[in-house]
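This report describes how one protein chain is arranged. Please look at the sequence and the structure before reading on.

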Amino acid sequence: MSKEACPLCQPSPHETLWQDDFCRVVLLNDVDYPAYCRVELLAHIKEMSDLQAPQRVRMMQVVFAVETALREILNPDKINLASLGNKTPHIHWHIIPRFENDKHFPNSHWSEALRETEFEPLNDVVKLTLADKIKAHIQ
Ligand SMILES: [Zn+2]
């Protein structure tokens with residue numbers, strides 16, 4: 001896939017909570033999962049095992065920083081981590097805070113809905129706090 005045709009090589013349509021020259025953390029603003037974040041590698045590399053060892057560590061450091069920040073702010077019942085990346089040649093990690101009353105719990109958030117939910121989107125204060133905590137945990 002050329003970089004011109006690749007959606008992840010374009011400026012993110014999502015809110016970017018943190019970024020360096022290696023990866024970025026975006027808030028997907030998912031209507032059912034308001035705090036659903038994704039850590040996206042900026043380079044065209046598909047598999048974690050294609051990264052050099054220090055890059056693997058760096059990637060997971062960012063993922064765990066997001067997980068820790070989400071736990072501190074939202075106290076979810078579980079954090080789900082997933083890495084698929086079948087559509088774009090970028091490693092990316094989905095970080096999904098899960099709650100016992102969310103739309104699919106205890107099943108995968110990609111499974112059939114078990115109930116309807118109406119969660120409020122994250123407000124600006126929460127988004128700023130999340131961004132600050134992610135940054136603090138990465139360093
Ligand atoms: Zn790309």
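In helix 1 (53-74), the buried residues are M59, V62, V63, A65, V66, E67, A69 and L70. A residue is called buried if 20 or more other C-beta atoms lie within 10 Å of its own, exposed if 12 or fewer, and partly exposed in between, with C-beta atoms placed from the backbone. An α-helix has 3.6 residues a turn, so residues three or four places apart point the same way. Strand 2, strand 3, strand 4, strand 5 and helix 2 are among what covers the buried residues of helix 1. Helices (H or I, at least four residues) and strands (E, at least two) are DSSP runs, numbered from the N terminus.

The model is predicted: local features need pLDDT of at least 70, side-chain atom pairs count only at pLDDT 80 or more, and totals for chains, interfaces and linings use all residues. Residues are numbered from 1 along each chain as its sequence is written.

Helix 1 has 22 residues and spans 31 Å from its first C-alpha to its last, close to the 32 Å expected at 1.5 Å a residue. The expected span is 1.5 Å times one less than the number of residues. Just after helix 1, N75 has a positive phi of about 45°.

Two strands count as paired if DSSP finds at least two bridges between them. The table gives two of the pairings.

| Strands | Bridges | Direction |
|---|---|---|
| strand 1 and strand 2 | 4 bridges | antiparallel |
| strand 2 and strand 3 | 5 bridges | antiparallel |

A hairpin of 3 residues links strand 1 to strand 2. Across this pair, E15 has L27 of strand 2 as its bridge partner, and T16 stands opposite V26. On the side of strand 3, the bridge partner of C23 is L41.

How many residues of strand 2 are buried? The count is 5 of its 5 residues. C23, V25 and L27 point one way, while R24 and V26 point the other way.

V25 also belongs to the largest nonpolar core, which has 25 residues; V25, C37 and V66 touch the most other members. Such a core is a set of buried Ala, Val, Leu, Ile, Met, Phe, Trp, Tyr and Cys residues joined through C-beta atoms within 7 Å. Helix 1 gives the largest share of this core, 7 residues. Not counting residues up to four places away in sequence, V25 touches T16, L17, W18, C37, V39, V62, V66 and I134. Contact means that the C-beta atoms, placed from the backbone, lie within 7 Å.

How values were computed:
Contact = placed C-beta atoms within 7 Å.
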